[in-house]
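Work through the exercises below with the sequence and the structure at hand. Each task is followed by a solution in steps.

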Amino acid sequence: MAALADQPRHGYGVIEDVKDISDGQVRLYAGTLYAVLDRLKKDGLIEVDREEIVHSRLRRYYRLTGIGAARLAERSERMRKQAGVAAHRLALGGGVA
Amino acid sequence: MSLEARYRRLLLVLPTEHRVAYGDEMLEVMLAGAEPGQRRPSPRETADLVRTAVWMRVGQVFSRVTDGRWRGVAAVFAVISTMMLAAEHLRPFVGDASIGRAIVWDDVDGWSRIAQASGWLLAAGCVLIGWRVAAVVAGWLAVAAEAAWLASQWPLWQADVVAAWWQWILAVTCAITLSVRTVRGHGIRLLGAKRVAWLGALSGLVAVSMFMDSLVHLRGIPERVGPGPWPWIDVVGAALLGGYGLTLLVSLAAVDGWLRRRVLVLLAPPLAMLALAGSQVGNPLLAGGEALPQTVATLLILPLAVIVSALVMVHRRERRMVLLRLGRQAELAKAAQD
């Protein structure tokens, strides 16, 4: 969902963006990607932005819906808080914050 | 074969709906991510796609099983089968009581039979009242008791186990359907309260009619049963069983087709086992009261084969019906346009 937060992307664009934002840690493959996109679409969190035909092949762009953006904001806020708590405790315990 | 053709072939593992919706896009993504000179899908790509396909197909089966229609089927089947099982397991006790034979508690055969009869009687009562959890517990306890009985009898009387296998299949199916969460009284509403009352009454009479069978068996012993023979006893017993079967058929004929077909799918394995090996006389799985080498495999595989075949038949029939309906609608729409 984070890959679609700033702009609509097509499938390969999502794979590349996920690789970039995870510093190459996460490599999505087509099977997993389209299972997730299908689930997000059915849950109303993403929708089709537009379709293009490139080199005789379908390229479909997806974007976040209003509900999807709200859900992503809520999740990222929760993760930010949890990360803050973890960093704070590490600092109290003498670890590196 | 080109890389594109190999990707297309790999995509065939996906469920049709998903492939139709996303196949072209997935192909574009896979080709865009391919290394220069790559001729085959990579092992990771293949594993990812196969794992996704398996997961989706399992999910599809699970959602079909747990959809609203199967819940209705489970509710109806639970009503019918608990009454059948209660009647079937009560019959021996009625027979014993009618000739004054005491109930034996002190061996596996005795207590497991008592547990089965009381378990199914309790389950049938709870289903009628709407106490689902109690019905589930009673049903599974009866199944466990029957498992103990089958295990204890196999080394001694293999013919008894083979002839009773249809009851075991029915019992397990019944316990599974009892475990499906449904709205209280759903099965009775779908079948109709009057039909359920008739089925209940006839189940009771079928169970009680066993006392007549006992008298039939003993009518050759004048000091126990008085003057005989009594040919009307056989006629009444057969009429009760026939009446029960007819009421069941009429009840199923009155419900919606999708419900009737699925209930029959669940009834098919125990009925197939009853028809094939429900009697010790002329049983193709027995020779001289002993199991044949192929008996165990048949007992395990045949019920599964029957239910899978029945499910495939129902699926094909319903698919054909949908296509026919769509065809008729298209013809009507064309006629309206003309």
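**Exercise 1. Helix α6 of chain B**

Task: Find how far helix α6 of chain B reaches from its first C-alpha to its last, and which of its residues are buried.

Solution: The model is a predicted one. Helix α6(B) covers residues 132-153, which is 22 residues. From the first C-alpha to the last it reaches 31 Å, close to the 32 Å expected at 1.5 Å a residue. Next, look at burial, where the cut-off is under 20% relative accessible area. The buried residues of α6(B) include Ala135(B), Ala138(B), Ala142(B), Ala145(B) and Trp149(B). Also among them are Glu146(B) and Gln153(B).

**Exercise 2. The sheet of chain A**

Task: State the order of the strands in the open sheet of chain A and describe how they pair.

Solution: The sheet has three strands in the order β1-β3-β2, with antiparallel pairing. The edge strands are β1 (9-10) and β2 (46-54), each of which pairs on one side only.

Take the pairing of β2(A) with β3(A), residues 57-64: eight bridges join the two strands. Along this pairing, Glu51(A) stands opposite Arg60(A), and Glu52(A) stands opposite Arg59(A). The two strands form a hairpin with two residues between them, and His55(A) in the turn has a positive phi of about 50°.

Now take β1(A) and β3(A), which are joined by two bridges. Here Arg9(A) has Tyr62(A) as its bridge partner.

Finally, consider burial: six of the eight residues of β3(A) are buried, so this strand is largely enclosed by the rest of the structure.

**Exercise 3. A positive phi in a loop**

Task: Where is Asp23(A) found, and is this residue buried or exposed?

Solution: Asp23(A) sits in the loop between α1 and α2 of chain A. Its phi is near 55°, a positive value in a residue other than glycine. Most residues other than glycine have a negative phi. The relative accessibility of Asp23(A) is 70%. Exposed means over 50%, so Asp23(A) counts as exposed.

**Exercise 4. Aromatic pairs**

Task: How many aromatic pairs are there over all chains, and which pair joins two chains?

Solution: The count comes to two aromatic pairs. In one of them, the rings of Tyr34(A) and Tyr22(B) have their centres 5.6 Å apart and their planes at 45°, so the pair is tilted. Tyr34(A) lies in helix α2 (residues 30-42) of chain A and Tyr22(B) in helix α2 of chain B, so this pair joins two chains. Both Tyr34(A) and Tyr22(B) are buried.

Trp165(B) and Trp168(B) form a tilted pair too, with 6.3 Å centre to centre and 45° between the planes. Both lie in helix α7 (residues 158-179) of chain B, three residues apart, about one turn of the helix. An α-helix has 3.6 residues a turn, so residues three or four places apart point the same way. Trp165(B) is buried at a relative accessible area of 12%, and Trp168(B) is buried at 17%.

**Exercise 5. The largest cavity**

Task: What is the volume of the largest cavity, and which residues line this cavity?

Solution: There is one cavity of 30 Å³ or more. The volume of the largest cavity is about 80 Å³. The lining includes Tyr12(A), Ile15(A), Arg27(A) and Leu28(A) from chain A, and Val29(B), Met30(B), Gly33(B) and Glu45(B) from chain B. Helices α1 (11-21) of chain A and α2 (16-32) of chain B each supply at least two lining residues. Sorted by type, the lining has seven nonpolar, one polar and two charged residues.

Technical notes. Residues numbered from 1 in each chain as written. Chains lettered and ligands numbered in written order. Predicted model: local features only at pLDDT ≥ 70, side-chain atom pairs only at ≥ 80, totals over all residues. Heavy atoms only, no water. Helix = DSSP H or I, 4+ residues; strand = E, 2+ residues; numbered from the N terminus. Expected span 1.5 Å × (residues − 1). Buried < 20%, exposed > 50% of the residue type's maximum accessible area, 1.4 Å probe, protein only. Pairing = 2+ DSSP bridges. 1 Å grid on protein atoms, 1.4 Å probe; cavity = no way out; pocket = protein on both sides within 12 Å on 5 of 7 lines; lining within 4 Å. Points joined across faces, edges and corners; volume = space filled by probe spheres on them. Nonpolar A, V, L, I, M, F, W, Y, C, P; charged D, E, K, R; others polar. Phe/Tyr/Trp six-rings, centres within 6.5 Å; stacked < 30°, edge-to-face > 60°.
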